Amino acid sequence: MWGDSLKTTTVQGVLDGLNEFAPFSLAEEWDNVGLLVGHPDAEVSGVLIGLDPCLALFAEAVAAGANTVVTHHPLIFHPLKKIDLATVEGRLISFAITNQLNIIGCHTNFDVVAGGVSHTLAKRLGVENGGPLTRKECAAECGFGWVGEMADSMPGADFLQ
């Protein structure tokens, strides 16, 4: 998406690119998306993408020289009253700050956008002539879930396989 320009991109540049693809405004009101740990003006050395924020993912980013991690599920979901290093969340936040990692969450905004999580999974499974299961006011193919038709019928067990 950004090509060689990533070498001089700031975290805000990554956020702008993500927002162009899957606007943060499409996230559900209860969700927590965007920059969760870090600084928007930090220069990006590399980006690692993962489903869940976890120590293995953060350590992999550090080992690869990437200082920005984009996860689907947010590192901080509910408002924090404290950062307790005895909790997984507290240790992850501490690790991110200690290693100057920028952590970005793209949760329900990636779920609802055309070309996002549900749409991509449906296409990879061979679903055709589809659309969102529950529409959201944004675009024709914007919404939660994805429903359509399979090119060939098959037993459910074969589909799950």
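Predicted model: local features only at pLDDT ≥ 70, side-chain atom pairs only at ≥ 80, totals over all residues.

Reply: Exposed denotes over 50% relative accessible area, buried under 20%, and partly exposed the range in between, with a 1.4 Å probe and protein chains only. Helices (H or I, at least four residues) and strands (E, at least two) are DSSP runs, numbered from the N terminus. Within H5, which spans residues 117-124, the buried residues are Ser118, His119 and Ala122. These residues lie on the same side of H5 because they cover an arc of only 100° around the axis, the arc being that of the directions from the helix axis to the C-beta atoms. They pack against helix H4 (108-112) and strand E5 (127-131), where contact means heavy atoms within 4.5 Å. After H5 comes Gly126, with a positive phi near 90°.

As to the conventions, residues are numbered from 1 along each chain as its sequence is written, and side-chain values use heavy atoms, with hydrogens and water left out. Local features need pLDDT of at least 70 and side-chain atom pairs count only at pLDDT 80 or more, whereas totals for chains, interfaces and linings use all residues.

The description now turns to the nonpolar cores. Such a core is a set of buried Ala, Val, Leu, Ile, Met, Phe, Trp, Tyr and Cys residues joined through side-chain atoms within 4.5 Å. The largest has 15 residues, of which Phe58, Leu75 and Ile103 touch the most other members. Strand E1 (34-37), helix H2 (55-64) and helix H3 (88-98) are the elements giving two or more residues to this core. Apart from it lies another core of 14 residues, including Val14, Val44, Phe110 and Val113.

The cysteines complete the account. A disulfide, taken as a pair of cysteine sulfur atoms within 2.5 Å, joins Cys138 to Cys142 with an S to S distance of 1.9 Å. This link of Cys138 and Cys142 is left-handed, with -115° about the S-S bond. Cys138 is partly exposed at a relative accessible area of 40%, whereas Cys142 is buried at 2%. The sulfur of Cys54 is too far for a bond, because the closest cysteine sulfur, in Cys106, is 17 Å away. Cys106 is likewise in no disulfide, and its nearest cysteine sulfur, that of Cys142, is 14 Å away. Cys54 counts as partly exposed at 32% relative accessibility, and Cys106 as buried at 1%.
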